[in-house]
Amino acid sequence: MSEFLMKPKIDFAFKEIMMNENARIGFLSTMLKLNPEDIKSSQILNTNLRKIHEDEKQGILDVRILLNNNTEIDIEIQLAALSVWADRSLFYISKMYTKQISSGQDYSVFKKCVNISILDFVLFPEEQEFYSCFHIREDTRHILYTDKMEFHLLELPKLPKELKKDKNNILLWAKFINAERKEDFEMLAEKDPYISTAYQQLQIISQDKQKRLEYETREKAIRDYNQLLFEAEQRGIQLGKQEGIQLGKQEGMELEAKRINKLNALLLQHKRYDDLERSANDRAFQHSLFSEYNI
């Protein structure tokens, strides 16, 4: 039987990899284009499962890091397509920025805030590059307005199948995050010492029984949510056909998805994982949960 290895793009696994300081330094120095030796400290601030709205899906497990005591970094992984991701990342980096100041302090207290988004969907379909970096600049002369906000974006579906000779470390890390096979992990680990450390950390956490249980619970929650969305979309399509309403697909899908999303979020919040799985397959039980939560 092959050795079990977590998928780094499941946010729980990535968070656990980032707990290793060397792996963390390697990833951050690559994404921020820094010399690893210039990173004097990288402190994990928190690892939160957070949601904007009460009825919002499975939440996002983010990793926040304080770098060299002057830069706050928020790393997020999102597997399901979310067209408003740019707005969401702007919302959270803005909150991270404004929380730095208290009454009576002046603006010199502000640290640079960086968002690193790792997406398993295409956010910019008109662009071919898998990696993008955004700053706030003047439109025509491209003068940097401020360096206090910075956005890095990895779109994993755009990754090239083969590594090119002129590959960079951003591509290697993106490939590592997207990898699932042992031979791919080993190939990438040979090409970068920091990725080698990350792979070693992945092997360690993959053999930890408690962490594997947490990982599988998280993976299942994400998978169930995606399935619920798909089923809601199918019911919305059917509703539109039956009523002959041109917009029935969208309206039906949104109405059903909202109820299911709210139920899903509440079940996850209360750690009712078995009920979440059952509700995905038992319509009558799902309706009883709707009644229980008054949805």
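Reply: Asp 11 has a relative accessibility of 5%, and because buried means under 20%, this residue counts as buried. Do keep in mind that the model you are looking at is a predicted one. The side chain of Asp 11 has a partner: a polar contact of 2.6 Å links it to the side chain of Arg 218.

Now step back to the element around this residue. Asp 11 belongs to helix H1, which covers residues 11-18. H1 as a whole is mostly covered, with 8 of its 8 residues buried. Besides Asp 11, the buried residues of H1 include Phe 12, Ala 13, Phe 14 and Lys 15. Glu 16, Ile 17 and Met 18 are buried in H1 too.

Helix H2, residues 21-31, packs with helix H6, residues 193-206, at an angle of about 135°, and their axes are 8 Å apart. That angle makes H2 oblique to H6. The crossing in which H2 passes H6 is left-handed.

Which residues meet there? On the H2 side they are Asn 22, Ala 23, Ile 25 and Gly 26, and on the H6 side Tyr 194, Thr 197 and Ala 198. Sorted by type, the residues of this contact between H2 and H6 comprise 4 nonpolar and 3 polar ones, with no charged residue.

Note on methods:
Residues numbered from 1 in each chain as written. Predicted model: local features only at pLDDT ≥ 70, side-chain atom pairs only at ≥ 80, totals over all residues. Heavy atoms only, no water. Axes fitted to C-alpha atoms, helices over the stretch in contact; angles between N-to-C directions. Helix = DSSP H or I, 4+ residues; strand = E, 2+ residues; numbered from the N terminus. Parallel < 35°, antiparallel > 145°, perpendicular 65-115°, else oblique. Left-handed = near helix turned anticlockwise from the far one by under 90°. Contact = heavy atoms within 4.5 Å. Nonpolar A, V, L, I, M, F, W, Y, C, P; charged D, E, K, R; others polar. Buried < 20%, exposed > 50% of the residue type's maximum accessible area, 1.4 Å probe, protein only. Polar contact = N/O pair within 3.5 Å; in protein donor to acceptor, adjacent residues only side chain to side chain.
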